[in-house]
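Reader: I am new to this structure. Please show it to me, and then I will ask about its parts.

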Amino acid sequence: MTKAVLLLECPDRKGLVAAIMNFLVAQYDANILHAGQHQDAEQGRFFMRVEFECATPEGQPLAAHFAKAFEPVASEFRMRWKLADSNARLRVCLFVSQHLHCLADLLQRHKAGELECEIPLVIGNHPDGEGLTNFYGIPFHTLAMSKGNKAAVEEEQMRLLREHNVDLVVLARYMQILSAEFVEQWKAKIINVHHSFLPAFVGSKPYHAAFARGVKLIGATSHYVTADLDEGPIIDQDVTRVTQGDTIPDLIRKGRDLERVVLSRAVRWQLEHRILHYDNKTVIFD
């Protein structure tokens, strides 16, 4: 039996759910394990995630024939869709700089089985994360970046990603701005964590800005990376309360706890194929 996830979006209209379910049952005798849906009333859009299992003809991979079989349904309802094999683990590369708390959290969650993926390598623009990464038996590549070698470094990064068949890049507090060319090649496949509750306090020192503003809540945000800095579709956010007695180091300490949580949730949801993005928004399925 093959387990798979079907994610789709299309203009909203009657008969969508019936058409999808009838296809899966009639074509593949599928057992529906879980189904979730969402309607955007303002845009008239429909979103759905279906997790199912089925036997495949002559043991062939489901993807080998699903697209052709599903095309009449997808075309009739003008769907944008993708099919993912639930048993196939995505290959993830972590990018890191000198702050290691998110890297440590992701590596430990992976070791504990909370993140079902492969991590074939970690790339850092500083060597600080090498010892931690090697502790988990994962190769670490230091590619120091400066204004004069950014293009060359990104070319080497992309070569490594291709060499290791990477599916997803996670910026675990990677403090470099990726070029528009890099982002375009990895569109909707780069997740970042920003140490602020976006859209407030963008930039490199949001906790200092929050302290100066005297806010009572601070937050962290995980989002997809786009060419517009800190403007990509938001995946997850969380907040914690601060008081007038908290110093900037207190805000940074509290914020790091939030960063770990929102980044790991975003990565897990991506690995489980629970996210659909459209315009500059996301739909997160339970």
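Reader: Which residue in S3 stands opposite His38?

Author: This is a predicted model, in which local features need pLDDT of at least 70, side-chain atom pairs count only at pLDDT 80 or more, and totals for chains, interfaces and linings use all residues. Residues are numbered from 1 along each chain as its sequence is written, and side-chain values use heavy atoms, with hydrogens and water left out. Strands are DSSP runs (E, at least two residues), as helices are (H or I, at least four), numbered from the N terminus. The residue opposite His38 is Phe47.

Reader: How many bridges pair strand S2 with strand S3?

Author: Two strands pair if DSSP finds at least two bridges between them. S2 covers residues 31–40 and S3 covers residues 45–54. They form a hairpin with 4 residues between them, and Gly44 in the turn has a positive phi of about 65°.

Reader: Which strands stand at the edges of the open sheet?

Author: The open sheet has 7 strands in mixed pairing, in the order S7-S6-S5-S8-S9-S10-S11. Each edge strand has a single partner strand, so one side of each is left without a neighbour in the sheet. The edge strands are S7 (140–142) and S11 (234–241).

Reader: Which residue in S10 stands opposite Ile191?

Author: Strand S9 (residues 190–194) and strand S10 (residues 217–224) run antiparallel. They are joined by 4 bridges. Opposite Ile191 stands Tyr224.

Reader: How are H1 and H2 placed to each other: roughly parallel, roughly antiparallel, roughly perpendicular or oblique?

Author: The axes of H1 (residues 16–28) and H2 (residues 63–76) come within 11 Å and cross at roughly 135°. Axes are lines fitted to C-alpha atoms, for helices over the stretch in contact, and angles run from 0 to 180 degrees between N-to-C directions. Under 35 degrees counts as roughly parallel, over 145 as roughly antiparallel, 65 to 115 as roughly perpendicular and the rest as oblique. H1 and H2 are therefore oblique.

Reader: Is Phe23 buried or exposed?

Author: Phe23 lies in helix H1. In contact with Phe23 (heavy atoms within 4.5 Å) are Tyr28, Phe66, Ala69, Phe70 and Val73, not counting residues up to four places away in sequence. Buried means under 20% relative accessible area, exposed over 50%, partly exposed in between (1.4 Å probe, protein chains only). Phe23 has 9% relative accessibility, so Phe23 counts as buried.
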